[in-house]
Amino acid sequence: MATKTVELAVGGGREMGHGGVGAPSPLAPFDIPEPDIGTERMLINIGPQHPATHGVLRLVCELDGETVTKVVPHIGYLHSSFEKLGEYRTWNQIVPLTDRMDYLAPLIYNCAYVMSVEKLMGIEVTERCKVVRVILMELDRIFGHLLWLGTTAIDVGAFTPFLYSFQQREKIYGLHESLTGARITTSATRVGGMMADLPEGWLDQLLDFLDNFPKTLDEVHRLLTGNQIHIGRTQGVGVISADDAINYGFTGPNLRAAGVPYDLRKDRPYYDYESYDFEVPVGEHGDCYDRYLCRMDEMRQSVRILHQAMARLPGGPINVEDPNISLPSKTDAMSDMESMIHHFKLITDGIPAPEGDCYMGIEASKGELGMYIVAEEGGTKPVRWRVRPPSFVNLSVIPKLAEGHMVSDLIMINASLDIVLGEIDR
Amino acid sequence: MADDNNSPLDAVEDGPVTSGSAEGADTTSTGSADDHPTVAALLDRYPAEVQRFRLEAGDQYVVWMNPTRSHEILAWLKDDADQLYDMMSDVTAVDYGKGRPIEVVYQMYSTPHGRALRIRCPLPLDALEIDSVYDLWKAVDWLEREVYDLFGITFRGHPDMRRILMPDDYAEGHPLRKDFPLRGRFSRAEQTQRALNQDVERFYLAEDLGRGADPQEVAAATAEPALPSGDAAAGGAATEGEQA
């Protein structure tokens, strides 16, 4: 039977020194037999209906005691076949499908999809539209990160940040609602522009949010960043090296936490992101704690970008002035014959696309969100619409990250990846 | 759908959208290979494997390649000092319908050189197999499984080739094929019947989850029923429906 030597460090403790200085330690190192606990592994099933899986994710774990030796994720419970449905819809009709994927940051998906279609068709949106979309995308980056922050903190036992972050999320819900009429299913974009321009007072509402939000972030920062429990639960847990992170397909904050400064806003800029002044936070250890720090800092950077975007927001039209792309105003469609014909043709036929394909990757809150579109000549519907889902690829790494850790660490690792099952299953 | 003058389900009954031309798309190359160092290098090194290349959407280079040596070429793209495509962003497939080849699409990005490249490998419908690149990029683990699940393309050498989004015992075929009807191959009654007859306990049996077994063996065992033998022929149109 195997034995191990146990060192009991009691000699140096002042409170133990009853015998005075120099007295022999009451306990010398000794050998205790390692108990024979057998080698049978236990199989447990987590999910698909479990709050700690952050959606309908099912993890089948093989355990050795409390140590996870194998994780097999099962997904597909939320599969809605969005990509197939898209093949039956015209370009603009696909927009509502996109925000149902990542319902935690819907505007980023709205924007990414139309950006790809516009790139394929060679449409250059107006300056105002570009800046508005930057505002919406950065706002929803905060929106997505806040949900991650609240739910992840809850997973390690901190309840307060959940309330703080959801209070702030509620304000973004309000911004969504006054812009689009919906809180989650925003469908705010259209090919060549937006569903509507920013309503009156919206920027003041946004400014009000931006004034208060950093204070909340500071409060959460004080609660978690130096918190011994939080540090103990996250540091050194789920570590991945920089090379592995690239090879395993990590993108977004997960990749940057491993020390790779890859951010599509900087490396493959779109919408003049290169002209905004912001930093890309990069971690060095690639563990859950660095992922936390990266996301916390990203929210601050998003606030910076939002302030700059609001300052430079130009006037002018928000939609491209091409009657074959943008709908005429309702008044025109009702009073002007030509506008009515354009309206009718756009609604019934849709926008014809050139033959070809286009991949547009943008930096979503969870990583590289790619929209790949294949069209035929004159096609008003896609031949293929593919979403490169960031958290689908991020989640596939969980067996590598979690094996060898405790079950409770598995929950933390899963939370730290920031997944959303609507987009993983599509 | 709102734009339809007729029933909203008409589009569903019409069947899937297919490409206009049954013949292959035009095979000419566009753009200049000199603008993209990797395209030029590929033409130089593997002239027989590159079918054509095109410049798409303004600045994206796409290279069509023969699938036979795809693994060798992709490995070279990953490791060659002038290419270093260390990031495999996406693996997917495109089905144009009408019996045209299904194309496997690789989206690659080189972080050291800051270059993106798209590789497309057309696979004829009677040979839907291509080498897995799992040994090069671990990122393709689930991506290749998804292509297998939704298109029925087998990736040779993938350690865990089984369905990922659809259930393991899904018998209606591969949903993203153009010949797959939007509402599935089985009738609603048949689908309901199958759902009711499912043995839910099956998904929680230790043997099924591969406890203690060699992952390779488990993958082979679970992949077997998902690979109907006649599926590869003729686009797998009716073969799986007949199992009903």
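Trainee: Over how many bridges do strands E4(A) and E5(A) pair?
Mentor: This is a predicted model, in which local features need pLDDT of at least 70 and side-chain atom pairs count only at pLDDT 80 or more, while totals for chains, interfaces and linings use all residues. Residues are numbered from 1 along each chain as its sequence is written, and chains are lettered from A and ligands numbered from 1 in the order in which they are written. Helices (H or I, at least four residues) and strands (E, at least two) are DSSP runs numbered from the N terminus, and two strands pair if DSSP finds at least two bridges between them. E4(A) and strand E5 (residues 67-74) of chain A run in the antiparallel sense, and the number of bridges is 7.

Trainee: Which residue takes a positive phi in the hairpin of E4(A) and E5(A)?
Mentor: This hairpin has 2 residues between the strands. The phi in question is near 65°, and the residue that takes it is Gly65(A).

Trainee: Are helices H4(A) and H11(A) roughly parallel or roughly antiparallel to each other?
Mentor: Axes are lines fitted to C-alpha atoms, for helices over the stretch in contact, and angles run from 0 to 180 degrees between N-to-C directions. The axes of H4 (residues 127-155) and H11 (residues 288-312), both of chain A, come within 9 Å and cross at roughly 155°. Angles under 35 degrees count as roughly parallel, over 145 as roughly antiparallel, 65 to 115 as roughly perpendicular and the rest as oblique. H4(A) and H11(A) are therefore roughly antiparallel.

Trainee: How many nonpolar residues does the contact of H4(A) with H11(A) have?
Mentor: Two residues are in contact if their C-beta atoms, placed from the backbone, lie within 7 Å. The residues making this contact include Val131(A), Ile135(A) and Trp148(A) of H4(A), and Met299(A), Ile305(A) and Leu306(A) of H11(A). Ala, Val, Leu, Ile, Met, Phe, Trp, Tyr, Cys and Pro count as nonpolar, Asp, Glu, Lys and Arg as charged, and the others, Gly among them, as polar. Alongside 2 polar and 5 charged residues, the nonpolar residues number 12.

Trainee: Is Pro389(A) buried or exposed?
Mentor: Pro389(A) lies in the loop between strand E10 (384-388) and helix H14 (390-395) of chain A. Leaving aside neighbours within four places in sequence, Pro389(A) is in contact with Glu423(A), Ile424(A) and Arg426(A). A residue is buried if 20 or more other C-beta atoms, placed from the backbone, lie within 10 Å of its own, exposed if 12 or fewer, and partly exposed in between. Because Pro389(A) has 28 C-beta neighbours inside 10 Å, this residue counts as buried.

Trainee: How many C-beta neighbours inside 10 Å does Pro35(A) have?
Mentor: Pro35(A) is placed in the loop between strand E2 (30-33) and E3 of chain A. Its C-alpha atom is separated by 48 Å from that of Asp218(A), 183 residues apart along the chain. Pro35(A) counts as exposed, because its C-beta neighbours inside 10 Å number 8.

Trainee: What distance separates the C-alpha atoms of Pro354(A) and Gly122(A)?
Mentor: Pro354(A) lies in the loop between helix H13 (337-348) and E8 of chain A, and is partly exposed, with 15 other C-beta atoms within 10 Å. Beyond neighbours within four places in sequence, Pro354(A) is in contact with Met121(A), Ala375(A) and Glu377(A). Pro354(A) and Gly122(A) are 232 residues apart along the chain, and the separation of their C-alpha atoms is 9.1 Å.

Trainee: Which strand gives the most to the side of chain A that touches chain B?
Mentor: In chain A, 48 residues are in contact with 42 residues of chain B. By class, this side of chain A has 17 nonpolar, 14 polar and 17 charged residues. With 5 residues, the strand that gives the most is E8 (residues 356-363) of chain A.
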